[in-house]
Amino acid sequence: APIALVATVPFVLVVHPALAAKSLAELIALAKANPGKLNYASSGIGTPPHLAGELFKSMAGIDVVHVPFREANAALNAVVGGSVEMMFSIASTAAAQMSGGTVRGIGVTSLTASPLVPGLPSIAQSGLAGFTVIGWNGFVAPKATSPVVTGKLNAALQRGLDDPELRQRLAAAGYE
């Protein structure tokens with residue numbers, strides 16, 4: 001039984017800074033000109049970054065190779081080090097790496113730009129209309145939970161989420 005959606009987490013398509021593509025259109029053109037030669041990292045098979053990569057391949061009509069890692073930091077390190085060209089990274093991590101110049105942001109996976117990565121357009125706005133991959137955090141209860149109980153829990157969570165200090169802390173941690 002759903003209680004409340006607490007936060008969403010967009011991802012950012014990042015590339016190694018030496019990659020010639022500086023925009024979504026350039027990245028797609030580069031991948032189409034070099035089928036099967038570009039790689040994308042993920043934090044493992046079946047994870048949201050992996051599925052984002054597969055959706056990107058399908059919608060863009062490109063052939064890029066998936067390179068799964070055991071966790072996100074190892075995948076990002078491979079992109080930073082240049083052994084893998086790109087990946088979908090959580091926005092808060094991507095923003096820190098982008099500001100340090102170790103990766104270049106191409107687009108965010110929410111339908112519109114995200115305040116977590118100011119100035120970076122969404123992939124949907126950049127040419128792949130409808131492209132969206134969003135992580136989320138929420139609360140659920142066993143399906144037999146009374147609607148009265150889930151309603152009270154929802155109201156309590158909403159009151160907590162209305163607290164500006166909590167909202168600021170969630171934003172600082174990379175949550176919208």
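Residues are classed by relative accessible area: buried means under 20%, exposed over 50%, and partly exposed in between, with a 1.4 Å probe and protein chains only. The model is predicted; local features need pLDDT of at least 70, side-chain atom pairs count only at pLDDT 80 or more, and totals for chains, interfaces and linings use all residues. Residues are numbered from 1 along each chain as its sequence is written, and side-chain values use heavy atoms, with hydrogens and water left out.

Charged contacts were examined under one criterion. A salt bridge requires a side-chain nitrogen of Lys or Arg within 4 Å of a carboxyl oxygen of Asp or Glu. The structure holds 1 salt bridge. It joins the side chains of E54 and K57, at 3.5 Å from N to O. Both residues belong to helix α2 (residues 48–60). They sit 3 residues apart, about one turn of the helix. E54 counts as partly exposed because its relative accessibility is 29%. K57 has a relative accessible area of 19% and is therefore buried. Helices (H or I, at least four residues) and strands (E, at least two) are DSSP runs, numbered from the N terminus.

Aromatic pairs were treated next. A pair of aromatic rings is described by the distance of the centres and the angle of the planes. Rings of Phe, Tyr and Trp (its six-membered ring) pair if their centres lie within 6.5 Å; planes under 30 degrees apart count as stacked, over 60 as edge-to-face and the rest as tilted. A search of the whole structure finds 3 such pairs. In one of them, the ring centres of F56 and F131 are 6.4 Å apart and the planes stand at 85°, so this pair is edge-to-face. F56 lies in helix α2 and F131 in the loop between β5 (104–108) and β6 (134–140), so the pair ties together parts that are 75 residues apart in sequence. F56 counts as buried because its relative accessibility is 1%. F131 is buried too, with a relative accessible area of 0%. F131 also pairs with F88: the centres are 6.1 Å apart and the planes are at 20°, so this pair is stacked. Here F88 comes from strand β4 (residues 86–90) and F131 from the loop between β5 and β6, 43 residues apart. F88 is buried, as is F131.

The pocket search used a 1 Å grid over the protein atoms alone. On that grid, a cavity is a set of points where a 1.4 Å probe fits but cannot get out, and a pocket is an open set with protein on both sides within 12 Å along at least five of seven lines; lining residues have an atom within 4 Å of a point. Grid points are joined across faces, edges and corners, and a volume is the space filled by probe spheres set on the points. The largest pocket has a volume of about 170 Å³. Its lining consists of V6, P115, L116, L161, R167, L170, A171, Y175 and E176. Helix α6 (residues 164–172) gives the most to this lining, with 3 residues. By class, the lining holds 7 nonpolar, no polar and 2 charged residues. Ala, Val, Leu, Ile, Met, Phe, Trp, Tyr, Cys and Pro count as nonpolar, Asp, Glu, Lys and Arg as charged, and the others, Gly among them, as polar.
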